[in-house]
Amino acid sequence: MHEPGSFSIGSPAANADRGFLESPPADVRGRRIRYVCMPGSPYTGSTLLGSILNRHPACASIGAATGLSRIVELPTYHCSCGKLFTECEFWSQIADRTAELGHPVDVYQTGFWNTQLRVSRNRLVNVALVRSLASNWLNHARDAVVGRMNGISKAVSDMGWNTWALAAAILEKTGKTALVDTSRDHQRPKYLANHPQLDVKVIHLIRDPRGTSASMMKNMGLDVAVAARRWKWYNIEADRVRQYVPADSWMTLRYEDLCADTTGVMDRISDFIGVPRAPMPEGPPEHEQHIIGNPMRLKALGEIREDRSWQERLTKKDLAVIAKIVGPTSHRFGYDWP
Ligand SMILES: [Zn+2]
């Protein structure tokens with residue numbers, strides 16, 4: 001069993017000690033695990049990218065490693081393999097293996113897996129202690145104080161080891177070498193980056209603010225201004241986390257580029273993660289897929305085409321509202337609109 005050795009609460013990468021914990025034993029427990037995080041806004045194609053990567057011979061994804069959402073009705077919820085989640089052997093084996101590894105993850109819990117960092121059930125307390133305060137200066141000042149609190153550093157350590165155990169169990173079971181976590185939580189890379197057994201790579205997946213806003217309006221029932229503000233917030237916060245990982249462990253990827261040249265982008269991602277390049281998967285998957293998350297995960301991986309439905313969905317007035325809110329931030333992330 002692994003001792004949950006202490007590792008510092010996210011500190012900027014330049015100062016981070018990214019050393020190994022101990023000499024490696026033979027099995028997965030001794031190796032640093034390649035762990036891909038995907039912070040950013042919802043409705044940017046992360047489920048799509050996770051599904052494509054899960055078909056890569058070296059990459060495994062179960063969707064978001066933060067677990068089943070609160071709204072899931074467990075007795076009737078289906079794994080993407082087609083079985084009821086509660087009857088899928090994959091998940092019972094993963095749960096058992098995390099326990100054997102000394103950091104049990106209860107995969108049958110909805111609304112919260114212990115792979116998430118939660119130091120208080122009170123949302124505001126949690127935000128104050130471990131979420132972004134929307135300013136680098138405030139975050140650093142807060143972390144300097146909070147990072148010395150035993151309860152907080154233990155929570156960060158536990159969350160890291162639980163995440164590691166989940167990843168190790170999945171990689172052992174699938175025989176793959178890199179875990180792809182499609183959670184959009186922008187704070188995950190910060191808290192996982194200094195884990196002694198995880199080699200964290202970050203893909204900041206970003207989509208045109210018009211496309212993302214239209215999808216959020218349609219799927220979440222949001223007002224156009226709220227959707228645009230969320231796009232801005234999620235992407236600024238994802239980008240803020242860049243300082244916690246080494247420069248060569250960060251990749252910014254546009255959804256539109258992924259759709260336009262999937263093969264080329266997949267090669268870039270393989271090189272970035274450090275796994276051999278592989279041809280794009282065609283036809284039905286050779287192995288069962290066990291992916292959780294939104295209904296997109298149940299769709300077959302057909303021809304990959306950019307969703308441009310926002311062009312019909314958004315009115316001139318909507319576009320004006322989005323332009324006003326996202327303005328320079330949109331340019332900063334490589335879009336030439338507005
Ligand atoms: Zn399954």
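A residue counts as buried if 20 or more other C-beta atoms lie within 10 Å of its own, exposed if 12 or fewer, and partly exposed in between, with C-beta atoms placed from the backbone. The model is predicted: local features need pLDDT of at least 70, side-chain atom pairs count only at pLDDT 80 or more, and totals for chains, interfaces and linings use all residues. Residues are numbered from 1 along each chain as its sequence is written. Helices (H or I, at least four residues) and strands (E, at least two) are DSSP runs, numbered from the N terminus.

Five strands form an open sheet in the order β2-β3-β1-β4-β5, with parallel pairing. Two strands pair if DSSP finds at least two bridges between them. β2 (59-61) and β5 (250-254) are the edge strands, each pairing on one side only. Three parallel bridges join β2 to β3 (residues 178-181). Ser61 stands opposite Val180 in β3.

Helix α10 (residues 262-273) has twelve residues. Met266, Ile269 and Ile273 of α10 are buried. Seen down the axis of α10, these buried residues fall within an arc of 60 degrees, so they line one face of the helix. The arc is that of the directions from the helix axis to the C-beta atoms. On the other side of α10, Thr263, Gly264 and Asp271 are exposed. β1 (33-37), α1 (46-54), β3 and β4 are among the elements that cover the buried residues of α10; contact here means C-beta atoms, placed from the backbone, within 7 Å. Gly274 follows α10, and its phi is positive, near 90 degrees.

How values were computed. Expected span 1.5 Å × (residues − 1). Contact = placed C-beta atoms within 7 Å.
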